[in-house]
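Hi everyone, thanks for making time this morning. I'd like to walk you through one structure, so please have a look at the screen.

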Amino acid sequence: MASYKALVKDVIKKADVLLEVIDSRFPDETRNSEVEREIIRLNKPFIIVINKSDLVSREKLEKTKARLSRIAPVIFVSSKDRSGTTMLRHQILASAAIKAGIKGQDILVGTLGYPNVGKSSVINGVTGRHRASTSPVSGHTKGVQHVDAGSRIMFIDTPGVIPFDEKDEYLQGLLGIKDETHLKDKVGVALKIIEKMLAENKVALESFYSIKIEDETSYDALELIGKQCNFLQKKGEVDETRTATRVINDWQNGLLLI
Ligand SMILES: Nc1nc2c(ncn2[C@@H]2O[C@H](COP(=O)(O)OP(=O)(O)OP(=O)(O)O)[C@@H](O)[C@H]2O)c(=O)[nH]1
Ligand SMILES: [Mg+2]
């Protein structure tokens, strides 16, 4: 942990421009105030990159952007759809231009963010090639790696900032930091996903599982999904763990949009 913090501080010190990559579904949970404070303290230009924007409606993205634009320039990216990456390249050049004294040299772009938010994928999106290694399993990028993106942009890829402790299993499940096989309370995590869907896009949840939710709780909705998927036990009751596993996988594979 301590060495991790030192690594992040070192990247912030060395970089000319910093990217804080966040998950569009959890903009607040995936921002890191300690990292932002350190960037501001060293007076470095930074860009907030809202990644996985393919998973969230345009309206919600615009709201998040309006809110976060007060802090730093904000760019939406979908590394999956390769959208926003040209805009990000331009913003990097614009932010670097503000910083005096790096004319003609490489622009070092430090890429920071929580595990699994898509830091390496964003780098590949801007580079236009699969230069940085990515994986659905978090904790993939080990140590600091340099990736040349051309036009003088040199990315520094880093491992995910600040792993959550065990207590935050729900958040780890929601953010895809742990997959279903590593989650102990699968039903609990699935209920959190359902709660999030009920609050943000109930219609998408209903249509994805072909169910109708009236005033039901998240638990009732899990039961409905189990019935609809025919995940039943011998006596006919819903197999909650199996249903929860399905919901977690669908969510983590980006099939449930908000
Ligand atoms: N739907 C969607 N999935 C994405 C996007 N960007 C990345 N992913 C997926 O998110 C997962 C993590 O991507 P990585 O680029 O490895 O994430 P990272 O932040 O570098 O992860 P660590 O190095 O483990 O900290 C992979 O399964 C990617 O396919 C995106 O824009 N949209
Ligand atoms: Mg990575």
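This is a predicted model: local features need pLDDT of at least 70, side-chain atom pairs count only at pLDDT 80 or more; totals for chains, interfaces and linings use all residues.

Let me begin with how elements get their names: helices (H or I, at least four residues) and strands (E, at least two) are DSSP runs, numbered from the N terminus. Helix α9 is followed by N230, and the phi of N230 is positive, near 65 degrees.

Residues are numbered from 1 along each chain as its sequence is written, and chains are lettered from A and ligands numbered from 1 in the order in which they are written.

Let's stay with α9 for a moment. How far apart are its end C-alpha atoms? They are 16 Å apart, which agrees with the 16 Å that the twelve residues of α9 (218–229) should span at 1.5 Å a residue; the expected span is 1.5 Å times one less than the number of residues. Within α9, the buried residues are A221, L222, L224, I225 and G226. I call a residue buried if 20 or more other C-beta atoms lie within 10 Å of its own, exposed if 12 or fewer, and partly exposed in between, with C-beta atoms placed from the backbone. As a reminder, an α-helix has 3.6 residues a turn, so residues three or four places apart point the same way. And what covers those buried residues of α9? The cover includes α7 (186–200), α8 (202–209) and α10 (240–252), where contact means C-beta atoms, placed from the backbone, within 7 Å.

On to the sheet. There is an open sheet of six strands, in the order β3-β2-β1-β4-β6-β5, and the pairing is mixed. Its edge strands, each pairing on one side only, are β3 (74–76) and β5 (145–148). On average, neighbouring strands of this sheet are turned by 25 degrees against each other, direction ignored; the axes behind that angle are lines fitted to C-alpha atoms, for helices over the stretch in contact, and angles run from 0 to 180 degrees between N-to-C directions. Two strands count as paired if DSSP finds at least two bridges between them.

Let me take β1 next. β1 (17–23) pairs with β2 (46–51) in the parallel sense, over six bridges. In that pairing, L19 has I47 as its bridge partner, and I22 stands opposite I50. β1 is also joined to β4 (107–113) by five bridges, and these two strands run parallel; here L18 is partnered with G110.

Is β1 covered or open? Mostly covered: seven of its seven residues are buried. In a regular strand the side chains alternate between the two faces of the sheet. For β1, both faces are covered, with V17, L19, V21 and D23 buried on one side and L18, E20 and I22 buried on the other. β4 is mostly covered too, with six of its seven residues buried.

Moving along, β4 and β6 (153–157) pair in the parallel sense over five bridges, and L108 has M154 as its bridge partner in β6. Then β5 and β6 pair in the antiparallel sense over four bridges, with Q145 partnered by D157.

β5 and β6 form a hairpin with four residues between them, and G150 in the turn has a positive phi of about 75 degrees. S151, in the loop between β5 and β6, has a phi near 35 degrees, a positive value in a residue other than glycine. R152 sits in that loop as well, and its phi is near 70 degrees, again positive in a residue other than glycine. S151 counts as exposed because it has 11 C-beta neighbours inside 10 Å, while R152 is partly exposed, with 16 other C-beta atoms within 10 Å.

Finally, the ligand. Which residues are closest to ligand 1? They are G118, S121, T134, T141 and G160, out of 25 residues that surround ligand 1; a residue is near a molecule or strand if its C-beta atom, placed from the backbone, lies within 6 Å of it. Helix α5 (119–127) gives the most to this shell, with three residues.

Notes. Two residues are in contact if their C-beta atoms, placed from the backbone, lie within 7 Å.
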